[in-house]
Amino acid sequence: MPEVTSDESADEPDDGVQIDLISGARMEGLTSMEKIRLILDGVRDGNIVILEEGLSPDEESKLIEVTMTEISPDDFSGIEIETYPQSQATDQSLLDRLMGRESAKKLTVIGPANQLETLHKDETLISALVSRK
């Protein structure tokens, strides 16, 4: 069993980056503002948030709008958000495609702007560099 020294605490995490993987089932029962609060609270704590099913275009817009009101130079630098591009080959219904509605079933990665940098993005891969504060 590893020994805990005086400058190490068993209750405190090390200097790593926490990643919150949020399932579609958890987001399903939430209102748009509850989703936004869940995401922003995690990101403000310095976590990277990954959504299994992403947000609707309206929810993404609202997330950005709310984020802009909360930015402060010393406390919160904003968010970096990347979503897989919506593919026409998804299992989106014909009616949804005809009506121009997008499915929210897409992976979304959200993190603090000062810690998450997108290196590469295409329809099958999001490659990001996550740094410590």
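In this report, a residue is called buried when its relative accessible area is under 20%, exposed when it is over 50%, and partly exposed in between (1.4 Å probe, protein chains only). Helices (H or I, at least four residues) and strands (E, at least two) are DSSP runs, numbered from the N terminus.

Welcome to a predicted model, in which local features need pLDDT of at least 70, side-chain atom pairs count only at pLDDT 80 or more, and totals for chains, interfaces and linings use all residues. Residues are numbered from 1 along each chain as its sequence is written, and side-chain values use heavy atoms, with hydrogens and water left out.

**Confidence**

The predictor's confidence in each residue is the pLDDT, from 0 to 100. Its mean for the protein chain is 80, with 73% of the residues at 70 or more. Among the elements, helix 2 has the highest mean pLDDT (95) and helix 4 (residues 94-98) the lowest (60). Over residues 4-11 the pLDDT is below 50, and this stretch has two contacts beyond near neighbours in sequence; a contact means heavy atoms within 4.5 Å.

**Helix 3**

Let us turn to helix 3. Its residues E59, E60, L63, V66, T67 and E70 are buried. Seen down the helix axis, the buried residues of helix 3 fall within an arc of 130 degrees, so they line one face; the arc is that of the directions from the axis to the C-beta atoms. An α-helix has 3.6 residues a turn, so residues three or four places apart point the same way. On the face turned away from the buried side, helix 3 carries the exposed residues D58, M68 and T69. What do the buried residues of helix 3 pack against? Their partners are helix 2 (32-44), strand 3 (79-83) and strand 4 (108-112).

An open sheet of four strands has the order 1-2-4-3, with mixed pairing. Its edge strands, strand 1 (19-22) and strand 3, each pair on one side only. Two strands pair if DSSP finds at least two bridges between them.

Strand 5 and strand 6 form a hairpin, with four residues between them.
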